[in-house]
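Subject: Structure handover and findings

Dear colleague,

Please find the structure for your review below. My notes on it come after the entry.

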Amino acid sequence: MLYPQSNCARTVIDLGGLWQFRLKEGAEWKNIAVPASYNDQVPEADFRNYAGLSWYRTRITVPAAFRDQRVALRFDAVTHSARILLDGREIGRHRGGYLPFEIDLTDLLPPGQTGELTVEVDNRINHSTLPIGTEGATAFFGSDNPGITAVEAGKKLRQEKGVNLPAFDFFNYAGINRPVRLCAMPRAYIRDVTFVPAMSGEVRYAVDTVGEGTVHIDILDADGNTVAQAEGREGVAVIPSPHLWEPWPGTPYLYTARISFGEDQYLQTFGVREVRVEGNKFLINGKPFYFHGPCKHEDSPFRGRGMDQCVNVTDIQLYHWLNANCFRTSHYPYAEEMYALCDREGIVIVDETPAVGMWADENYGWGLNDYHAQVLRDMIDRDKNHPCVVVWSLGNEPSTDTYPQKAYDYWYPLYELAHRLDPQNRPVTLVGCQNIYEKDLIVPAMDVVFINRYYGWYNLSGDLDTARYAFRMELDYWEKINKPLVLSEYGADTIPGLHGAVGEMFTEEFQQAFYEMISQCLDERDFVTGEMPWNFADFDTCQGPMRAGGNRKGLFTRDRRPKMAAHYLRHRWGNM
Ligand code: BDP
């Protein structure tokens, strides 16, 4: 799905601002900011902990000037599912909280008219949603002491109340998290574009159109000069001696394809770069690439998971400060603005579906296969042209060792599907949980092995010498698999300002010593192609006995102040 664009043929009206919001049936309507999560905008426990349907409303007008145009209403993300009504009549629905959807308004709201737009949002999570909720059984942290009569009775009561218990470690922020826009374009229009550039300068392309017309493409360099042209809905344009898109600290050179179709026009940026796995190396433009950068969350004070360009820019500037070159969109696809920014800044992205919390039981995958495939399809469709995206991640930390064959049967078809769907055929991974690795069939079957490990934190806690010994032993195992390996999470909760001459857990000294120890193990191995600490910044989670004010594994605090370990990694990565 194309990102909305204003140009000589198209107009976009941003519908963000103050809307009205009702948390639940019968509650009063309140002012609420859009886009942003609703949870932290009103200081009431209900807003934080609510599980169920809520409503947003605003009035929208289609300008008279949009006569004879196609008009669409575009939601970048409503978490987790949405029902859209116009003057009380349902006009659309969408399942899933992190990908865009569009409703054609052309015949529903004529130019010059105003209507009341209602967005019903559902923040409930369970075994049929991605990310997954535990259906009231067990909280993510805290064992809920199984078997104690009174605790079991409490769990039952909790379940009846209908609470959300995430099977994942980030706050279940909900609402209209990303922009809503009214988009006008010619009736005969460009529906989608696909670019597959090769280092030779050959750019394969396809343009999907609706209505009558012919396609013409001009490819412009960064100075706006036309360097190639093509005619027709698909074909090859050739850029003579192209500039490559290189990740930081190289130059992330971008071209723009100006696509004309009848009266419509769309400008698509792309980069000329190739990504490939060869033996145990990960290659970008034929050169070995070493991933080094912390994983992220979309998380900031007040707005929760709400899209904010200022937060995006600040974060990416801090990646530059860290001398980092990448992140993973743990644990869901991010706002499209972030990918466009990373295209320009040369920050590499591992793009992840919201499949997190898939714990094992007899009924592995809870029948999510088709829906998961749809989400994967929509994510690849949305992000396929971004040069910054170099790996698809099918999901995070599913159980893979309790029912290894069931796990394989669930995930392998998704692996194959990702390869079939991606016109650029990027490498695919599944991020593995710390587990009985010898039993795992699916994680080693990926193009690049991504493993999350917490030696010295969740296990062998605090004893970094023993943790080093154990981690080395596991690396011996992976060395024999002979694939590129990325340590895709490792970290230690750290309270900023807590110090100790003897660095114990939660002190800034411990966090730094933890990273020094792991770095030492990684530096000994040739097949290791990346290190992605957990996490860039402290972030909000649901409350629990292991979370004091959220997850504190950030290299930065939630308001983006560096802890000691950030300085250490900045220095390490600056010397790479
Ligand atoms: C990993 C998860 C991540 C958590 C992290 C942690 O992938 O979402 O936040 O552990 O516990 O298991 O800090």
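The notes below cover the ligand site, a pair of helices and some backbone details.

This is a predicted model, in which local features need pLDDT of at least 70 and side-chain atom pairs count only at pLDDT 80 or more, while totals for chains, interfaces and linings use all residues. Residues are numbered from 1 along each chain as its sequence is written, and side-chain values use heavy atoms, with hydrogens and water left out.

Ligand site

The ligand is surrounded by 13 residues, where a residue is near a molecule if one of its heavy atoms lies within 4 Å of it. The closest are D169, H331, E397, Y458 and K553. By class, this shell holds five charged, four polar and four nonpolar residues; Ala, Val, Leu, Ile, Met, Phe, Trp, Tyr, Cys and Pro count as nonpolar, Asp, Glu, Lys and Arg as charged, and the others, Gly among them, as polar.

For Y454, an N or O atom in the side chain is 3.5 Å from an oxygen atom of the ligand. The protein buries 93% of the 320 Å² that the ligand exposes when taken alone (Shrake-Rupley method, 1.4 Å probe).

Helix pair

Helix α3 (residues 309-321) and helix α4 (residues 336-345) have axes that come within 10 Å and cross at roughly 35°. Axes are lines fitted to C-alpha atoms over the stretch in contact, with angles from 0 to 180 degrees between N-to-C directions; helices (H or I, at least four residues) and strands (E, at least two) are DSSP runs, numbered from the N terminus.

The contact (heavy atoms within 4.5 Å) involves Q309, N312, V313, I316, Q317 and H320 of α3, together with E337, M338, L341, C342 and E345 of α4. Five of these residues are nonpolar, four polar and two charged.

Backbone details

V34 and P35 are joined by a cis peptide bond with omega of about 0°; P35 sits in the loop between β3 (30-34) and α1 (45-49). Another cis peptide bond joins W248 and P249, with omega of about 5°.

Kind regards

Conventions:
Polar contact = N/O pair within 3.5 Å; in protein donor to acceptor, adjacent residues only side chain to side chain.
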